[in-house]
Amino acid sequence: MEGEANGTLRSPCGASEPPYSQELLRSLDLPGRFLFAILTLMMLIANLVFMEEVVYIYRKIPSSKRSIIIWINAAAPVIATTSCIGMWIPRSTMFTDFTASVFFAIVIHKFLLMMIKECGGQKLLLRRFENGRFKVSTGPCCCCCLCLPRVRITRQTLFWLKLCTFQFAFLRPVLMFLSVVLWTNGNYTLYNLSPKGAAIWINCFVAVLTIIALWPVGIMFQQVRTLLICKKIIPKFALYQFILILNHLQAAIINVLAMQGIIPCAPPLSSSARGAYMTQQLLIMEMFLITLISRVVYRRRYNDLEPPECTAEEAGDKKQTSQIIPSDAVSEDGLPRV
């Protein structure tokens, strides 16, 4: 009876902590080891592709855009790397997840800056849309509030948009540090979402900050997507959205399923640890594919947009030409009659 009781207490299905890496590796069969090798190879290839892309960016992209594009392209390889570390060392899951979340918080801010840079910078953006207005009824905050008035595009509104993304890039590392401090004192447990624990409150606060940070990116994208369609801004935004959904929403869904016991335990992994284990494996494969697609999308060299003055002058010249040439002197194909 005593042995059975001890066995019950040591059962991985009731364990709150993931196993050590040596325990996990000893439990793997041949297909499991093969899967570990394939996923690790995918992570290495993704990092090699990213390094080659960095060399190309330094050679071909103007210096004003280099760091922003490198940060955005690094999101998928960094998430793949942290997921691979968490797969090999299950007890590092909290730190690898925090690192990936902090990095992507910075990428959200960088993506907003990239859209402004692709428009020629803040001054040219304000000149292009000097009479325009931002549509603020966009996701994820106010997609259902269609009655919201449009906001004028000014230097102040651009400042607030950038501030909303910057706050997440700044506060996410602060909350990560607070979580680690509480974890060392036993007040923060990654899988404990009871109201008495700190994890539920910190996660809710992070969710609110995330929504506030994503809102300005959606507002800016709705404004510039037609202007930047020649620079493939729609595929770039789609890749950014895929990384966001896979790294946050997919992980949250799997975590909830594991905590409800829908994902069963598999010794030496408990239900929660197995959910994290599955999330890491999926992320490695998904980020590998996104890295390859990002290389195709971002590697193209796009021509810079014409300054707004040139566009206005060309429109004026066309108008003058149409006034000089009489209507009866124009043939059916639109050319002047000789």
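A salt bridge is counted where a side-chain nitrogen of Lys or Arg lies within 4 Å of a carboxyl oxygen of Asp or Glu. In this predicted model, the structure holds 6 salt bridges. One of them joins the side chains of Arg299 and Glu52, with an N to O distance of 3.1 Å. This pair links distant parts of the chain, since Arg299 belongs to helix α11 (residues 271-299) and Glu52 to helix α3 (residues 30-60), 247 residues apart. Arg299 counts as partly exposed at 23% relative accessibility, and Glu52 likewise counts as partly exposed, at 31%. Both residues take part in a network of salt bridges that also includes Glu53 and Arg295.

Another salt bridge brings together the side chains of Glu118 and Lys231, at 2.9 Å from N to O. Because Glu118 lies in helix α6 (residues 93-118) and Lys231 in the loop between α9 (198-224) and α10 (233-259), the pair ties together parts that are 113 residues apart in sequence. Glu118 and Lys231 are both buried. Glu118 also meets the side chain of Lys236 in a salt bridge, at 3.9 Å from N to O; Lys236 lies in helix α10 and Glu118 in helix α6, so this pair ties together parts that are 118 residues apart in sequence. Lys236, too, is buried.

Key
Residues numbered from 1 in each chain as written. Predicted model: local features only at pLDDT ≥ 70, side-chain atom pairs only at ≥ 80, totals over all residues. Heavy atoms only, no water. Helix = DSSP H or I, 4+ residues; strand = E, 2+ residues; numbered from the N terminus. Buried < 20%, exposed > 50% of the residue type's maximum accessible area, 1.4 Å probe, protein only.
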